[in-house]
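Dear colleague,

My notes on it follow directly after.

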Amino acid sequence: MSNHSHTARRQGGGFDLGRMLLEGRAFFALIAIIVIFSLLSPVYFSTGNFLTMSSHVAIFGLLSIGMLLVILTGGIDLSVGSTLGLCGVVAGFLMQGVTLDAFGVTLYPPVWVVVILTCAVGAFIGAINGVLIAYFKVPAFVATLGLLYVARGVALLMTDGLTYNNLGGDPALGNTGFDWLGFNRLFGVPVGVWVLAIVAVVTLLALARTPFGRWVYSTGGNARAAELSGVPVKRVQVSVYVLSGICAAIAGLVLSSQLTSAGPTAGTTYELTAIAGVVIGGAALTGGRGGVRGTLLGAFVIGFLSDGLVIIGVSSYWQTVFTGAVIVLAVLLNSIQYGGRRKKAAQTSATPSSPAASSGQAPGDGKSPAAKPATQH
């Protein structure tokens, strides 16, 4: 009786500290990281360092937002790191000039053309992933793993394993301004961070205020039920992979601009960082649960943790260990959070208030009123 009254008080609006800590774990983890590293290094807690770290986080954040869209539908995209590398190489190739041997000329496209063509490459890779998964029923893990190798191989073929350097452009050729993304600041904030903010706001509004957002969540919650309800599930699946590819392309542009160079190995293992950002932010890997705000917090947790370890002089090998441990812990907490909800929902549906249930009637005989809610759930 006392347990029942305690549960009723909590459901009636009582304060649940454990649930608050669990659901806000990304925010509290970020605060803890800032406090700990500020105590370990006087350089860490400074405006200049925070802005520098934020420009690094912009790369992870862009990848994580694209990954979030895919994971919300119950999928996974392992090709985003290679897509980032390939798109950076494409941008570097275009900035170096495109030689047309048949006409004996070399074309130097302006930066805005380079940006559009690079994003088109990312969208094309995402479209291949989406079509393979939605229409040919290839498992997402296998399809995107295959594209991971294909994209990385194409990048290596384009460069012969070398790096495109000096991507600042030449005023005489009309292709200057590429490094604007990586080095310039607007109102004191790096342009890459503004790009991340714009992409995050657009994604947040699309998920919260448009039919597409509802379709994404319903596809991840129950694809079959969503399809029967009229949701174009296949088109939604293709769309999220295309958007993930575009986000990876934008991240590749920002990274190449920051480095003023483009190498075929850029973005290696970044797909794992993107997944980590999404999971730390509270999204369920099974789909249907998650949000942009949590994903951004997760990206900042990963970025600030990595940069903090560098500042205090921790070995890069240990950085990998710490990052992996954070991912495992985040998945464990997600299992506790969503597993508890599923268990509570099952107990609620299995404990009806009707007299039929208390008389021992079987829940599956079609006569109990509790049978219908349990089936719907």
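Helices, as the term is used in this message, are DSSP runs of H or I with at least four residues, numbered from the N terminus. The model is a predicted one.

**Overall content**

The protein chain holds 17 helices and six strands. Of its 377 residues, 43% are buried. Among contacts in the protein chain with a separation of 6 or more, 74% join residues 24 or more positions apart.

Helix α12 covers residues 233-259. Its 27 residues reach 39 Å from the first C-alpha to the last, close to the 39 Å expected at 1.5 Å a residue. The helix is mostly covered, with 21 of the 27 residues of α12 buried. T260 follows α12 and has a positive phi, near 50 degrees.

Helix α10 (residues 211-221) packs on α12 at an angle of about 105 degrees, and the two axes lie 10 Å apart. The two helices, α10 and α12, are therefore roughly perpendicular. On the α10 side the contact is formed by F212, W215, V216 and T219, and on the α12 side by V233, V236, Q237, S239, V240 and L243. Sorted by class, this contact of α10 with α12 has seven nonpolar, three polar and no charged residues.

Q237 deserves a separate entry. This residue is located in α12. Is Q237 buried or exposed? Its relative accessibility is 17%, and since buried means under 20%, Q237 counts as buried. When neighbours within four places in sequence are left aside, Q237 is in contact with G130, A134 and T219. Of these, G130 and A134 are listed among the buried residues of α6, while T219 takes part in the contact of α10 with α12.

A second residue to look at is G220, which is in α10. G220 has a relative accessible area of 11% and is therefore buried. Which residues does G220 touch, not counting those up to four places away in sequence? They are L72, T73, G74, T286, G287 and G288. With G74 in particular, the separation is 146 residues in sequence and 4.8 Å in space, taken from C-alpha to C-alpha.

Helix α5 (residues 80-96) has 17 residues, and its first and last C-alpha atoms are 24 Å apart, close to the 24 Å expected at 1.5 Å a residue. This helix, too, is mostly covered, since 15 of the 17 residues in α5 are buried. Just after α5 comes G97, with a positive phi of about 105 degrees.

Helix α6 (residues 111-134) has 24 residues and reaches 34 Å from its first C-alpha to its last, close to the 34 Å expected at 1.5 Å a residue. The buried residues in α6 are V111, V114, T118, C119, G122, A123, I125, G126, N129, G130, I133 and A134. An α-helix has 3.6 residues a turn, so residues three or four places apart point the same way. The cover over the buried residues of α6 includes α5, α7 (140-159) and α12.

**Helices α4 and α9**

Where α4 (residues 47-72) and α9 (residues 191-209) pack together, the angle is about 20 degrees and the axes are 8 Å apart. The two helices, α4 and α9, are therefore roughly parallel to each other. Their crossing is left-handed. From α4, the residues in contact are S54, S55, V57, A58, G61, L62, I65, L68, L69 and L72. Those that they meet in α9 are G192, V193, V195, L196, V199, A200, T203 and L207. By class, the contact of α4 with α9 has 13 nonpolar, five polar and no charged residues.

V191 is also found in α9. With a relative accessible area of 5%, V191 is buried. Beyond residues up to four places away in sequence, V191 touches W180, L181, N184 and R185. The C-alpha atoms of V191 and S55 are separated by 8.1 Å, although the two residues are 136 apart along the chain.

With kind regards

Terms used: Residues numbered from 1 in each chain as written. Predicted model: local features only at pLDDT ≥ 70, side-chain atom pairs only at ≥ 80, totals over all residues. Heavy atoms only, no water. Axes fitted to C-alpha atoms, helices over the stretch in contact; angles between N-to-C directions. Parallel < 35°, antiparallel > 145°, perpendicular 65-115°, else oblique. Left-handed = near helix turned anticlockwise from the far one by under 90°. Contact = heavy atoms within 4.5 Å. Nonpolar A, V, L, I, M, F, W, Y, C, P; charged D, E, K, R; others polar. Buried < 20%, exposed > 50% of the residue type's maximum accessible area, 1.4 Å probe, protein only. Expected span 1.5 Å × (residues − 1).
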